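Here is a friendly walk through one protein model, with a look at its pocket and its charged contacts. Have the sequence and the 3D view open as you read.

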Amino acid sequence: MTAHDHQIAQDEESEGSGSGLGSYLPRWRPTSSTDLGLAEKRVLKFVQTPLKLFNTATTFGKIWTLRTNNEVPENKVPLVMLHGMGAGIGIWVLNLDTIAKGRRVYALDLLGFGRSSRPQFPSSVEGVEDQYISSIEQWRSANNLTRFTLLGHSFGGYLATLYAKKYPQHIAHLVLADPWGFTRMPEEKMQIPLRWKLVINVLKPFNIFSGLRAAGPLGPRLVNKMRPDLQVKFTKHVKDVDAVPNYIYHCNAQNPSGEVAFKSLHLELGYAKSPLIDRISDLHKDIPVTMIYGAQSWMDPTNGYRVQELREGMAPVAVELILNAGHHVYADDPERFNTLLSYACGMYECTDNSSSN
């Protein structure tokens, strides 16, 4: 057993790769739940902080959970991290060691992604949102958290905002990293030329990563081809150059439950059907918000300034711009991102215990 095997005290209850004749036949897609677990381990071995990995049961399925096992003062507010579309807990590999200094950190694979269960979701916006928010609340209760800083990246930022809106009593600070779902679809983009409407109608039945799964045995190579930046972003810290692309492949080669859910939430051009900019005023007035954008991202940072205007007279809204970062702010400039996140986590500490774990 390696030192890292001792470092990660992993729950032994994990899904197998199947049994019977089917498990011995060649697979069109070279992936399985076991392969995903190995890919995750290959990434997380570069985290020095002791970790515990385990399943948290909810009525919708199991939520795969990472918790730092570091010693922390009881008055420190823990941090809960929600990843974005097509990702999982492994994408925080560049952030965990810095952020976990002096506080307990939790990260979870959202339902339909990573190593969490991949249930069927309702087809309506309200149904998808309710299932996600309810699952996160059940996760919180099972992990005995009463008050925490909640971070969400991209799609995770959308869900983090909705959770904070419904359960404000548990949120010390809401931190949104290049969040998806705030922008309203511009009226001029609703007037789509006929030729593009035809293309959109052809692509409608497909999910975001359908091509990756259709590529079968070429899928792993396709990730490196389509996303060569993944190696560049992570290799300064993750010395195994293929570890992160391999992890991303196995995260997205599985049953696309989360993709289907996400598809129910957006319009043809990727805009949210129910934009958060129209709902952010309903967030409890006492919840402070920090919005961290990449200056080179396709997400519109002016939403952050609009949120400041809409919440004038309420708890502070800070808008931060990381100049040399794109959408993946946590990996494009992890040093700056970690500094901003650490500061945000420390701004609203409480003197009461935030968790019994």
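For sorting residues, Ala, Val, Leu, Ile, Met, Phe, Trp, Tyr, Cys and Pro count as nonpolar, Asp, Glu, Lys and Arg as charged, and the others, Gly among them, as polar. This is a predicted model. By that sorting, the lining of its largest pocket comprises 25 nonpolar, 12 polar and 4 charged residues.

The largest pocket holds about 1,000 Å³ of space. Its lining has 41 residues, and those nearest the centre are Met-85, Ser-154, Trp-298, His-327 and His-328. Several helices contribute at least two lining residues each, including helix H9 (219-226) and helix H11 (243-252).

Now to the charged contacts. The structure has 11 salt bridges, among them these:

| Pair | N to O distance |
|---|---|
| Asp-240 and Arg-42 | 2.6 Å |
| Glu-129 and Arg-279 | 2.9 Å |
| Lys-236 and Glu-335 | 3.5 Å |

Asp-240 and Arg-42 form a salt bridge, and this pair links distant parts of the chain, 198 residues apart, with Asp-240 in the loop between H10 and H11 and Arg-42 in helix H2. Arg-42 is partly exposed at 27% relative accessibility.

Glu-129 and Arg-279 also meet in a salt bridge. Because Glu-129 sits in helix H4 and Arg-279 in the loop between helix H12 and strand S8, the pair ties together parts 150 residues apart in sequence. Both residues, Glu-129 and Arg-279, are buried.

Conventions. Residues are numbered from 1 along each chain as its sequence is written. This is a predicted model: local features need pLDDT of at least 70, side-chain atom pairs count only at pLDDT 80 or more; totals for chains, interfaces and linings use all residues. Side-chain values use heavy atoms; hydrogens and water are left out. On a 1 Å grid over the protein atoms alone, a cavity is a set of points where a 1.4 Å probe fits but cannot get out, and a pocket is an open set with protein on both sides within 12 Å along at least five of seven lines; lining residues have an atom within 4 Å of a point. Grid points are joined across faces, edges and corners, and a volume is the space filled by probe spheres set on the points. Helices (H or I, at least four residues) and strands (E, at least two) are DSSP runs, numbered from the N terminus. A salt bridge is a side-chain nitrogen of Lys or Arg within 4 Å of a carboxyl oxygen of Asp or Glu. Buried means under 20% relative accessible area, exposed over 50%, partly exposed in between (1.4 Å probe, protein chains only).
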